[in-house]
Amino acid sequence: MNVRSQVSMVFHLDKCIGCHTCSVACKNIWTDRKGAEYMWWNNVETKPGTGFPTAWEDQEKYKGGWEKKNGSIELKSQNKGDALFKIFHNPNQPTMDDYYEPWTYDYQNLFNAPEGADQPTARPISMVTGEYINVESGPNWDDDLGGSPVYAKNDPNLDGLTEFQKQQLFATERLVFFYFPRICNHCLNPCCVAACPSGALYKRGEDGIVLIDQQRCRGWRACVSACPYKKTFYNWNTGKSEKCILCFPRLETGQAPACFHSCVGRIRYLGNVLYDASRLEEVANLPDDQLVEGHRSLVLDPCDPAVIAAAKANGLHDSVIESAQKSPVYKFVKTWKLALPPHVEYRTFPMLFYVPPMSPVMATKDGDVLNHESGDLFHDIEQSRVPMAYLAKLFGAGQESFVRYALRKQKAVRWYRRALTVGDVTMETAQRMLAEADCSAEEAEAIYQLTSLCTFEDRFVIPPMHREEAIAMMEDPMEHKASAGFGFVQGPQRGL
């Protein structure tokens with residue numbers, strides 16, 4: 001057993017209100033500079049929809065992720081034979097059309113425009129050409145419109161639906177969307193790291209955060225095409241690739257990442273988990289229908305004496321193990337089995353998990369009267385506006401049972417709390433639903449507490465980074481005693 005610690009995350013989609021505060025917080029701190037205008041290390045998409053960059057889940061087009069071939073797994077984006085040639089020409093790279101042409105506004109015209117009959121306006125100006133442009137796309141272009149047929153029909157996840165299910169999804173009375181915030185998943189088996197010809201990408205040993213060494217990066221962009229989630233970006237100004245760094249300078253000082261800290265809906269949870277790195281290859285070779293359970297099995301019980309002993313033998317500090325024992329991520333992923341990885345069939349083993357969303361109750365309007373389609377408080381899971389097959393494509397590698405389990409347990413917790421606080425549902429009914437959802441009253445209470453009444457300390461259990469141990473392998477830690485985060489402070493220069 002090769003026990004390692006990984007900083008992991010859970011996003012509770014039932015709580016996301018799509019305010020984009022997370023995106024703005026990240027943008028202001030990390031990508032508000034030349035060459036990074038189009039980068040959104042954190043973005044919030046509307047699903048069903050095409051996302052950012054457009055149709056990023058279409059791996060027939062982008063060739064991201066791993067695939068099983070000849071009894072092993074290989075990168076889809078390149079192999080030993082064509083890796084050199086793809087440095088010069090890679091047809092699977094996303095283009096500016098897939099992102100968008102960044103723009104600003106001619107604000108000076110608001111002050112300097114000559115006197116006229118009309119109010120002056122600030123026209124959009126391309127940040128690439130400096131010319132006036134007509135804005136035709138953007139990072140959240142289909143925001144709140146993702147559920148409409150115009151945008152949703154291009155969602156690659158609809159491939160798993162029958163024509164009848166698609167017609168149902170787009171029926172006017174069933175129109176629905178939910179928000180899908182995304183950051184780098186800091187995967188256990190990252191394609192971007194494997195694809196980098198210069199070895200600039202690496203996964204930190206002490207916490208599993210995936211970073212790009214700006215001094216070693218040559219801007220060949222193999223990471224951009226290899227990442228199936230399209231969360232690495234190319235900076236045209238510096239000639240380097242960049243990506244989400246999970247605000248590691250903040251983590252090293254005990255603070256939550258900016259997008260987590262600013263989240264209005266309190267949907268984000270962060271904590272470290274212990275995993276068995278020796279089983280990565282074995283699990284990556286599992287068939288698609290076993291990947292969700294296989295991925296979950298990589299996460300180890302931090303209270304198991306055998307795991308603790310193996311972790312200590314591998315050099316993990318006692319404080320890191322204690323932090324894993326309090327991790328909210330472990331509860332959502334392993335104990336309650338509510339959180340699922342996105343597109344686990346890419347075989348990168350993302351360490352960002354999602355609690356799938358409950359759909360709004362179906363209703364029809366008769367004059368001024370709103371009638372619920374269901375006679376119950378909450379509709380049956382099988383009658384969800386978002387077809388189970390769609391959510392399964394997104395979170396279960398096509399296996400509906402995992403999504404159904406998570407949704408059924410969430411519904412049972414709602415009924416239980418309704419019986420406790422309002423009383424218009426009998427406790428007998430609530431207990432029966434809990435039993436059917438494989439949930440005890442104690443577990444339901446714990447889920448309710450961590451979902452609805454969680455404090456900052458409940459949501460973010462930040463492990464001690466023990467950066468001094470990593471530095472000690474290379475340099476004198478006393479020289480870095482007062483520093484945190486960045487290894488160098490000079491900006492990267494093109495052509496380094």
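**Strand 2 and its lysine**

Author: Glu45 sits opposite Phe180 of strand 7. Before we go on: this is a predicted model, where local features need pLDDT of at least 70, side-chain atom pairs count only at pLDDT 80 or more, and totals for chains, interfaces and linings use all residues. Residues are numbered from 1 along each chain as its sequence is written, and side-chain values use heavy atoms, with hydrogens and water left out.

Reader: What makes strand 2 and strand 7 a pair?

Author: Two strands pair if DSSP finds at least two bridges between them. Strand 2 and strand 7 are joined by five bridges and run antiparallel, so they qualify as a pair. The strands themselves are DSSP runs of E (at least two residues), helices are runs of H or I (at least four residues), and both are numbered from the N terminus.

Reader: Why is Lys47 called buried?

Author: Buried means under 20% relative accessible area, exposed means over 50%, and partly exposed is what falls in between (1.4 Å probe, protein chains only). Lys47 has 0%, so buried is the label it gets. This lysine lies in strand 2, where five of five residues are buried. Both faces are covered: Asn43, Glu45 and Lys47 on one side, Val44 and Thr46 on the other.

Reader: And what makes the link between the side chains of Lys47 and Glu57 a polar contact?

Author: The term needs a pair of N or O atoms within 3.5 Å; within protein, one must be able to donate a hydrogen and the other to accept it, and residues adjacent in sequence count only if both atoms are side-chain atoms. Lys47 and Glu57 come in at 2.5 Å, so the pair passes. A polar atom of the Lys47 side chain also lies 3.2 Å from the backbone oxygen of Gly49. With contact meaning heavy atoms within 4.5 Å, and residues up to four places away in sequence not counted, Lys47 touches Glu57, Asp155, Asn157 and Tyr390, among others.

Reader: What is the peptide bond from Lys47 to Pro48 like?

Author: That one is cis, with omega near -5°. Pro48 belongs to the loop between strand 2 and helix 2. Pro53 is in the loop between strand 2 and helix 2 as well, and a cis peptide bond with omega of about -5° joins Phe52 to Pro53.

**Helices**

Reader: Why is helix 16 called largely enclosed by the rest of the structure?

Author: Because seven of its eight residues are buried. Among them are Met388, Tyr390 and Phe395. The buried residues pack against several elements, including strand 2, strand 7 and helix 17. Just after helix 16, Ala397 takes a positive phi of about 50°.

Reader: How do helix 13 and helix 14 pack?

Author: Their axes are 10 Å apart, at an angle of about 145°. Ile308, Ala311 and Lys312 of helix 13 meet Asp318, Ile321 and Gln325 of helix 14.

Reader: Why does Asn272 count as buried?

Author: Its relative accessibility is 0%, which puts Asn272 in the buried class. Asn272 is in strand 12, and its side chain makes a polar contact of 2.9 Å with that of Ser323. Leaving aside neighbours within four places in sequence, Asn272 is in contact with residues including Ser5, Ser327 and Pro463. Ser327, in turn, caps the N-terminal end of helix 15: a side-chain oxygen lies 3.2 Å from the backbone nitrogen of Val329.

Reader: Is Asn70 buried or exposed?

Author: Exposed: Asn70 has a relative accessible area of 72%. Asn70 is in the loop between strand 3 and strand 4, and its phi is near 55°, a positive value in a residue other than glycine.

Reader: What about Cys247, buried or exposed?

Author: At 7% relative accessible area, Cys247 is buried. Its phi is positive too, about 45°, although Cys247 is not a glycine. You'll find Cys247 in the loop between strand 11 and helix 9.

Definitions and conventions:
Axes fitted to C-alpha atoms, helices over the stretch in contact; angles between N-to-C directions.
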